[in-house]
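Have the sequence and the 3D view open side by side as you read. We will go from the whole chain to a few local spots.

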Amino acid sequence: MDRRAGAAGNAPPRGPSLHGPGEGVLPLALRKRHHWKVVRLLVLNDVLAILLATTVAVAAVNPAEPVPPLGWVLVTLFFTLVLFAIQRLYERDRRNISVSTLDEVRDILTSLGLVGFATFSLALGFDAGGILPPHPLSVVFFWLAGIVLIPCGRAALRHRVIPFSTDSQRTLVVGAGRVGQAIVRKIRKNPQYNVEVIGFLDDDPAVLDPDVADVPVLGAEKDLVETIVGQNISRVVLAFSRSTHEDVLEVVRNAGLRDVHISIVPRYFDIIAANVGIADVEGISVLELPVAGLSRLARATKRGFDLVITVPSLILLSPLLLAIAAAIKLETRGPALFRQARTGRGDEQFEILKFRTMVVGAEQMRDDLLGENESRGPLFKIRDDPRVTRVGLMLRRTSLDELPQLLNVLRGQMSLVGPRPFVTYEDDKIDGWARRRLDITPGMTGLWQVLGRNDIDYDEMVKLDYLYVTNWSLWWDTKLLLRTVPVVFKRRGY
């Protein structure tokens, strides 16, 4: 049975000629209007954040006169917005299918640093009568306030304002196979992308999985141009299709459509991360993957990063840790901490520490519950596990049961970010390339935590661990730590 929309007699209306008169201009105008609305919102956020940052900076130095000099404010506004534009911080929402504010932090830091350094240097040597900051220290406070206010405002816009106040990107996925369907699932799990999948194009569509069966197959791949115009598509995602890549590229090259963005899922995407490099070899773009594994310097850097965060965290969190331990002891008999053998880097075993969330003897009850296992592969998961206590349920929902693992990090058995440490009997069932995940010290959080926690099945978790190991960077660790916080608060994947 042909699943294409046209087969049932309800194909999308044919669009106007690409170069003809009439309403053919409308889709282009709509796409541009959407883009400029997003840009205006981002500029407004940045202006308000800079105004607030300059006010905070002046008030911190001289609380008696918290009003910043108008000249300094205008100069700071102008040069900051110009640098943001040069860094293309207003283009990414149009160019990329997904935009993470964390990916912009380095460019924001650079821009604010340049503006701050320039005004700080001038303030030390000149008195320009209100054009420069009232005190050199006010530049430092401006920089500190700006690196907090601007990214936070942009993140709030993208999650809470833009998806509800602007038209979504109408997106077409070329290829309705396994990869194309996976792309649709991931887009739907992230409303902050502000992307609406209109349909698939496929020459020989397979039966769609139930969770994406409502997405229509609008035609064959040769219908790309007609579908883009008729459905007012603003983005096309090229997933793997059954046509040859020459045929697909020929259609794309001949489309000649303006302001229609193309996103391509590359071959070998399972090992390609966002930090991959691109080299040019006589006009051919070549993806450059980092060397697999960590050098001694990289391991030392990662270890230093762990200690800098872990030591103060344990000191600050000690009252909370004691309170949780007391709550566990008051509810049920037995120890407050749960110890379990896990497999770490290089196949070395260690005892992972957690706050106990189950009744005493829960491990011995596992065999009786095997029939209720909800996970594929060697993992054992039950969403409504009868062995979990009331305090344990609260700890699991907030991930507070994981906090004792900071002691594992302190001992060097774990890292703050890394592959998930499997129980030994689960790890024994992992073989082949998947064991590369043990090249790096296991972590308290990682890609598996940020992208779905328990919603991710075993196969995808192992792929994510392999992706992390082969593409590690200190900046990636920082982003994953920061992204873990909202995931925990949203209870995503619990």
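What percentage of the 494 residues in the chain is buried? Buried residues make up 44% of them, where buried means under 20% relative accessible area, exposed means over 50% and partly exposed lies in between, with a 1.4 Å probe and protein chains only. This is a predicted model, in which local features need pLDDT of at least 70 and side-chain atom pairs count only at pLDDT 80 or more, while totals for chains, interfaces and linings use all residues. Residues are numbered from 1 along each chain as its sequence is written, and side-chain values use heavy atoms, with hydrogens and water left out.

The chain has 15 helices and ten strands; helices (H or I, at least four residues) and strands (E, at least two) are DSSP runs, numbered from the N terminus. Take the contacts between residues at least 6 apart in sequence, a contact being heavy atoms within 4.5 Å: 74% of them join residues at least 24 apart.

**Aromatic pairs**

The structure holds three aromatic pairs. A pair of aromatic rings is described by the distance of the centres and the angle of the planes. Rings of Phe, Tyr and Trp (its six-membered ring) pair if their centres lie within 6.5 Å; planes under 30 degrees apart count as stacked, over 60 as edge-to-face and the rest as tilted.

One of the pairs is Trp72 with Phe142, which is edge-to-face, with 6.2 Å from centre to centre and 70 degrees between the planes. Trp72 lies in helix H2 (residues 70-86) and Phe142 in helix H5 (residues 136-165), so this pair ties together parts that are 70 residues apart in sequence. Trp72 is buried at 1% relative accessible area, and Phe142 is buried at 2%. Phe78 and Phe79 also make an edge-to-face pair, at 5.1 Å centre to centre and 80 degrees between the planes. Phe79 is partly exposed, with 43% relative accessibility.

**The second largest pocket**

Next, look for the second largest pocket, which has a volume of about 350 Å³. On a 1 Å grid over the protein atoms alone, a pocket is an open set of points where a 1.4 Å probe fits, with protein on both sides within 12 Å along at least five of seven lines; lining residues have an atom within 4 Å of a point. Grid points are joined across faces, edges and corners, and the volume is the space filled by probe spheres set on the points.

The lining of this pocket has 17 residues, and Arg345, Gly412, Gln413, Ile440 and Thr441 lie nearest its centre. Helix H9 (296-331) and strand S8 (349-355) are the elements that give two or more residues to the lining, and H9 gives the most, with four. By class, the lining has four nonpolar, six polar and seven charged residues. Here Ala, Val, Leu, Ile, Met, Phe, Trp, Tyr, Cys and Pro count as nonpolar, Asp, Glu, Lys and Arg as charged, and the others, Gly among them, as polar.

**Around Gly418**

Thr441 turns up again among the contacts of Gly418. Gly418 sits in the loop between strand S9 (415-417) and helix H12 (424-427) and is buried, at 1% relative accessible area. Leaving aside neighbours within four places in sequence, Gly418 touches Thr441, Pro442, Gly443, Thr445, Gly446, Trp448 and Tyr468.

| Pair | Apart in sequence | C-alpha to C-alpha |
|---|---|---|
| Gly418 and Gly446 | 28 residues | 5.2 Å |
| Phe120 and Pro133 | 13 residues | 7.7 Å |
| Val67 and Val56 | eleven residues | 9.0 Å |

Phe120 belongs to helix H4 (residues 105-125) and is partly exposed at 28%. Beyond neighbours within four places in sequence, Phe120 is in contact with Pro136 and Val139. Val67 is in the loop between helix H1 (26-61) and H2, and is exposed at 67%.

**Two positive phi angles**

Which loop holds Arg88? Arg88 is in the loop between H2 and helix H3 (92-95). Phi of Arg88 is positive, near 60 degrees, in a residue other than glycine, and Arg88 is partly exposed at 44%. Asn194, also not a glycine, has a positive phi of about 60 degrees. Asn194 lies in the loop between helix H6 (178-188) and strand S2 (195-201) and is buried, at 6% relative accessibility.
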